[in-house]
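Okay, everyone, thanks for making the time. Let me put the structure up, and then I'll talk through a few spots in it.

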Amino acid sequence: MLRRPILSALLAAFAAVPLTLLVGLVAAPPARPAAATPVRVMPLGDSITGSPGCWRSVLWNRLQSTGHTNTDFVGTLGPQGCGQPYDGDNEGHGGYLVTNVANQNLLPGWLAATRPDIVLMHFGTNDVWSNIAPATILAAYSKLVDQMRASNPAMRVIVAKIIPMAPSSCAECGQRAVALNAAIDGWAAGKTTAASPIVVVDQWTGFSTTTDTYDGVHPNAAGDQKMSDRWYPALVAALGGTTPTASPTPTVSPTTSPTPTASPTGGPTGSPTVDPPTTSPPAGVACTASYRITNQWQGGHQGEMTVRSTGAARTTGWRVTFTLPAGQQITQTWNAELTQTGSAVTARNVNWNGALAPAAEATFGFLGTHTGTATAPTATCTAS
């Protein structure tokens with residue numbers, strides 16, 4: 001039995017304990033489930049990416065509207081204003097050369113501060129302007145990729161072929177950009193790994209310095225939209241392989257052409273007539289198509305189709321058909337309208353890349369899945 005003084009002391013001690021603590025000891029609330037960690041995406045480049053780089057605002061809002069809300073754009077720089085709310089963090093440093101960023105080891109500090117899972121890199125415009133050789137620029141790319149992988153061995157890298165250049169003070173810049181872009185696919189194929197794939201996005205084809213920039217170099221609103229449209233399918237694939245809901249996707253179509261319908265002639269015999277066959281292409285227009293694998297990793301690949309006008313007259317449109325090898329499937333495409341039934345694929349031009357002068361070219365790209373190793377089929381092109 002407790003003595004009365006001891007009992008009084010214990011009662012006084014309990015009275016001093018806050019009621020909320022006592023309640024907590026009796027019935028603690030259940031722990032909330034942890035939210036999924038956002039995927040961290042770093043836009044990396046120069047003023048085209050960051051000053052203000054409004055393709056980022058278009059891209060981020062499209063991600064939100066299509067369900068990819070668990071995405072965090074990261075960088076040590078903040079937004080500069082694009083007329084709409086968006087996650088504006090980035091590493092778009094106006095005036096920077098990718099070769100200087102590599103030589104001065106600037107990237108590791110940015111990576112340590114932001115810890116990205118995916119990098120979107122459009123970098124090299126100022127290097128091209130400075131007449132730095134493509135091989136030197138690509139060596140800088142390689143150093144940056146090595147630093148990305150040191151930060152995150154599973155880094156997913158999406159690298160752009162840079163948009164065209166036509167500054168008034170650099171007549172040679174346009175061709176220099178072409179030379180750099182022509183070397184990027186080969187560089188990426190040699191640098192990619194299964195753990196850290198490199199995907200090339202063609203920002204050059206179909207981009208006009210006249211209508212899509214305000215100074216021959218930096219994108220205007222139309223250019224921002226085009227850049228966003230090119231980034232979107234590759235970024236969505238990197239985020240988890242979900243097919244975009246607002247971009248061209250393969251659609252199901254009949255495997256055979258519909259049987260021609262018969263219609264009454266109205267004559268005395270009532271015999272039917274068959275609808276006329278498809279009109280032949282105009283004289284003087286022709287095209288070829290070449291398919292190539294630009295990058296592949298375990299279970300997936302990126303490809304590019306080049307359509308070339310080979311006739312004496314200007315085309316108004318083109319259609320490419322091919323049969324995929326067994327085990328291959330196209331999951332996303334850009335710069336073309338694509339239908340796919342089984343292994344049979346048809347791709348048609350979009351409204352801005354169907355008109356080709358003689359010897360001119362257009363390209364479209366796609367992402368796909370495969371078993372084993374992806375191989376390129378033979379393609380047939382029809383011009384109109």
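I'll go through some backbone details, then a couple of helices, then a sheet. Keep in mind that this is a predicted model.

Backbone first. Where does Pro 52 sit? It's in the loop that links α3, residues 47-50, with α4, residues 55-65.

Next, positive phi values. Arg 115 has phi near 50°, and it's not a glycine. You'll find Arg 115 in the loop between α6 (107-114) and β4 (118-122). Buried or exposed, then, for Arg 115? Its relative accessibility is 52%, and the cut-off for exposed is over 50%, so Arg 115 counts as exposed.

Ala 359 is another non-glycine residue with positive phi, here near 75°. That one is in the loop between β14, 344-348, and β15, 361-369. Ala 359 has a relative accessible area of 43%, so we call it partly exposed.

On to the helices. Helix α8 covers residues 134-151, so that's 18 residues. From first C-alpha to last, α8 reaches 26 Å, close to the 26 Å you'd expect at 1.5 Å a residue. Which residues of α8 are buried? Among them are Ile 137, Leu 138, Tyr 141, Leu 144, Val 145 and Met 148. The buried set also includes Ser 142, Gln 147 and Arg 149.

In helix α9, residues 173-191, have a look at Asn 181. Its relative accessibility is 5%, so Asn 181 counts as buried. And what does Asn 181 touch? Leaving out residues up to four places away in sequence, the contacts are Lys 161, Ile 162 and Trp 204.

Zooming in on β11, residues 318-323: 5 bridges join it to β14, and the two run antiparallel. Within that pair, Arg 319 stands opposite Arg 348 of β14.

That's my tour, so over to you for discussion.

Note on methods: Residues are numbered from 1 along each chain as its sequence is written. This is a predicted model: local features need pLDDT of at least 70, side-chain atom pairs count only at pLDDT 80 or more; totals for chains, interfaces and linings use all residues. Side-chain values use heavy atoms; hydrogens and water are left out. Helices (H or I, at least four residues) and strands (E, at least two) are DSSP runs, numbered from the N terminus. Buried means under 20% relative accessible area, exposed over 50%, partly exposed in between (1.4 Å probe, protein chains only). The expected span of a helix is 1.5 Å times one less than its number of residues. Two strands pair if DSSP finds at least two bridges between them. Contact means heavy atoms within 4.5 Å.
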